[in-house]
Amino acid sequence: MIESISNSANFHLSQKLLDGAITRQQAIATNIANVETPGFRRLDVSADFGRTLRAEFTKAGKADLAMVRSMQPRVSEDSSVRSIRADGNSVELESELLAMSRNQVDFEFLTEMVGRHIKGLKMAITGRVL
Amino acid sequence: MELISGIAATTGALSAQRTRLDIIAQNIANAHTTRGPDGKAYQRRTVSFEAELLGASSGTVGLSTVRVAQIQIDKTPGQRINDPGHPDADEEGMVTMPNVNLSMEMVDLITASRAYEANLSVAKNARQMALKTLQIGR
């Protein structure tokens, strides 16, 4: 049934994590752009996004998919890193570049997950392996 | 929502770093200019950056790009050398040279071009992500 595929928890989780990956890419782009701006504090996806998702999908019983669908990742200042530079900037270029390539791999994995869900649905409709 | 995520921040950074590279090139080119339009030796220019908040139209609130805050003139006095044969020498035969320090400019040049490259790789990465998004369901 179409419903069981498009309502699966995995599909929704992948969708939300994709949103998170896009937002993280924006945050990293901002960080690298401001690598030499005095006083700039690095941004990241706010921690409560991942926390809420994890809590929702690891709890006993069915996840509340309507709630998950309405969640939006936000960027916020990353207060966990301290600035070691004289100008008060907390961006480290190397760790940003590493975070970016890691985020890209995450993103490709998630697009693959979502893509396979849709392929599976197509296969169910047409009866052919695409 | 932009299709290529974070491209607004990267664009601003690329053009800011490009301005910095231009200014460094100007400093190096004028490292021996003893007479500018004002009749004095060239004073080196420095670029400073500031963060600029992106509007809500860019999708996510709280993101910022970077822009050139101002291009200042470095007021440090230039070195004075004794060269009576120089056309710009004063009565005592002293010539004021520009306050450009070539090794400092070279270090700045490398820093700026590294920052430019880092932003370019962000742009490349964002483009690849956008293409992957278009591949969903294919």
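Across all chains of this predicted model, the count of salt bridges comes to 17. The tour below visits several of them, together with the boundary between chain A and chain B.

**First stop: R20(B) and its partners.** Select R20(B) and D108(B), whose side chains meet in a salt bridge with an N to O distance of 3.9 Å. The two residues belong to distant parts of the chain: D108(B) is in helix α2 of chain B and R20(B) is in helix α1 of chain B, 88 residues apart. R20(B) has a relative accessible area of 10%, so it counts as buried, while D108(B), at 26%, is partly exposed.

**Second stop: the interface.** Display both chains and select the residues that touch across the boundary: 35 residues of chain B are in contact with 33 residues of chain A. The area buried between the two chains is about 2,600 Å², and carbon and sulfur atoms give 63% of that area. Five residue pairs are in polar contact between chain B and chain A, both residues being at pLDDT 80 or more. On the chain B side, the elements that give two or more residues are α1 (7-29), β1 (45-53), β2 (64-73) and α2 (102-134). Of these, α2(B) gives the most, with 12 residues. Colour this side by residue type to see 14 nonpolar, 16 polar and five charged residues.

Select D74(B) and R44(B), which form a salt bridge with the closest N and O atoms 2.9 Å apart. D74(B) lies in the loop between β2 and β3 (80-82) of chain B and R44(B) in the loop between α1 and β1, so this pair ties together parts that are 30 residues apart in sequence. D74(B) is buried at 18% relative accessible area, and R44(B) is buried at 7%.

Next, select R67(B) and E50(B), a salt bridge whose closest N and O atoms are 2.8 Å apart. R67(B) is in strand β2 of chain B and E50(B) in strand β1, 17 residues apart. R67(B) is partly exposed at 37%, as is E50(B) at 29%.

**Last stop: chain A.** Select R24(A), R42(A), D44(A), D78(A) and E96(A), which are joined into one network by salt bridges that share partners. Finally, colour chain A by confidence. Its average pLDDT is 87, and 95% of the residues score at least 70. Confidence is lowest in helix α1 (residues 2-6) of chain A, at a mean of 62, and highest in helix α5 (residues 93-126), at 92. Where pLDDT is low, the predicted coordinates should not be read in detail.

Methods: Residues are numbered from 1 along each chain as its sequence is written. Chains are lettered from A and ligands numbered from 1 in the order in which they are written. Side-chain values use heavy atoms; hydrogens and water are left out. Contact means heavy atoms within 4.5 Å. Buried area is the accessible area (1.4 Å probe) that two parts lose on being put together, summed over both. A polar contact is a pair of N or O atoms within 3.5 Å; within protein, one must be able to donate a hydrogen and the other to accept it, and residues adjacent in sequence count only if both atoms are side-chain atoms. Helices (H or I, at least four residues) and strands (E, at least two) are DSSP runs, numbered from the N terminus. Ala, Val, Leu, Ile, Met, Phe, Trp, Tyr, Cys and Pro count as nonpolar, Asp, Glu, Lys and Arg as charged, and the others, Gly among them, as polar. pLDDT is the predictor's confidence in each residue, from 0 to 100. A salt bridge is a side-chain nitrogen of Lys or Arg within 4 Å of a carboxyl oxygen of Asp or Glu. Buried means under 20% relative accessible area, exposed over 50%, partly exposed in between (1.4 Å probe, protein chains only).
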